[in-house]
Amino acid sequence: MNKNILNTGVQDFISENLSTDIMSVLLKKPIFDTVSNTELVQQIEAKKKSKKKLPTWFANSKIYYPKKLNIEQTSSEITARYKSQIVSGKSLVDLTGGFGVDSYFFSKKIADVFHCEIDKKLSEIAAHNFEVLDAENIVTLPMDGISFLLREKSRFDWLYIDPSRRNDVKGKVFQLSDCLPDVPKHLELLFSRSDAILIKTSPLLDL
């Protein structure tokens, strides 16, 4: 995470070039000494994707964006807010935290939220953004959610899982046993840590 990206001049450039052709930015001579043109493009593309999908993040000039793919895979604010209306209680573990949109809205309803993300860079970005958004009741954990549950012996009011539907061998999948984490495989562990589990699945699973 290059914190120089958060400097006012760099942020101004990103905001002013959301509609600029990306290749023209990439092919320019280095625009800033401390931020590469590739990093600028990554921020521009991801922020542009967030305008309608994540207006709360888009409106904040201190938000640090991950790769565009992470924004494409994350929940929209509308769906995250809907999911937050389902849960209640004092504690929730987001086993597949990602960019942290779901965790942020869960934190509006739950006293203690644990955000697990195996990608350490993405976890660091989420932690920074939670601080910027004043979400002080979220604990970020740069680790696999299943590993966290194996380490912790506590019980939680809720577990939330959005299994990855990308399989290195099978490509795009929808069966829960083909996703990561493998929910059926870990059911005993999951129910030993909570009586309430919320899972976002592929629509095809219903069929």
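Residues are classed by relative accessible area, with buried meaning under 20%, exposed over 50% and partly exposed in between (1.4 Å probe, protein chains only). The structure is a predicted model, in which local features need pLDDT of at least 70 and side-chain atom pairs count only at pLDDT 80 or more, while totals for chains, interfaces and linings use all residues. Residues are numbered from 1 along each chain as its sequence is written, and side-chain values use heavy atoms, with hydrogens and water left out.

By the accessibility classes, Asp134 is exposed, with a relative accessible area of 60%. Asp134 is not a glycine, yet its phi is positive, at about 60 degrees. Most residues other than glycine have a negative phi. Asp134 is placed in the loop between helix H8 (120-132) and strand S3 (138-141). Here helices (H or I, at least four residues) and strands (E, at least two) are DSSP runs, numbered from the N terminus.

Strand S4 (residues 158-161) has Trp158 and Tyr160 pointing one way and Leu159 and Ile161 pointing the other way, and all are buried. Two strands are taken to pair if DSSP finds at least two bridges between them. S4 pairs with strand S1 (residues 91-94) in the parallel sense over three bridges, and Trp158 in S4 is the bridge partner of Leu92. S4 is also joined to strand S7 (residues 197-199) by three bridges, and these two strands run parallel. In S7, Ile197 is the bridge partner of Leu159.

The structure holds ten aromatic pairs. Rings of Phe, Tyr and Trp (its six-membered ring) pair if their centres lie within 6.5 Å; planes under 30 degrees apart count as stacked, over 60 as edge-to-face and the rest as tilted. The rings of Trp57 and Phe99 have centres 6.4 Å apart and planes at 40 degrees, so this pair is tilted. Trp57 is buried at a relative accessible area of 1%, and Phe99 counts as buried at 3%. The rings of Phe114 and Phe156 have centres 5.6 Å apart and planes at 65 degrees, so this pair is edge-to-face. One aromatic cluster is formed by Trp57, Tyr65, Phe99, Tyr104 and Phe105.

A charge sits over a ring if NZ of Lys or CZ of Arg is within 6 Å of the ring centre and within 35 degrees of the ring normal. The charged end of Lys47 sits over the ring of Phe58, at 5.4 Å from the ring centre.

Six salt bridges are found in a search of the whole structure, a salt bridge being a side-chain nitrogen of Lys or Arg within 4 Å of a carboxyl oxygen of Asp or Glu. One of them joins the side chains of Lys83 and Asp102 (3.0 Å, N to O). Lys83 lies in helix H6 (residues 77-84) and Asp102 in helix H7, so the pair ties together parts that are 19 residues apart in sequence. Lys83 counts as buried at 9% relative accessibility, and Asp102 is buried at 8%. The side chains of Arg155 and Asp195 also meet in a salt bridge (2.8 Å, N to O). Arg155 lies in the loop between H9 and S4 and Asp195 in the loop between helix H10 (187-193) and S7, so this pair ties together parts that are 40 residues apart in sequence. Arg155 is partly exposed, with a relative accessible area of 44%, whereas Asp195 is exposed, at 67%. In the salt bridge between Lys200 and Asp162, the closest N and O atoms are 3.9 Å apart. Lys200 lies in the segment after S7 and Asp162 in the loop between S4 and strand S5 (166-167), so the pair ties together parts that are 38 residues apart in sequence. Lys200 counts as partly exposed at 29% relative accessibility, whereas Asp162 is buried at 17%.
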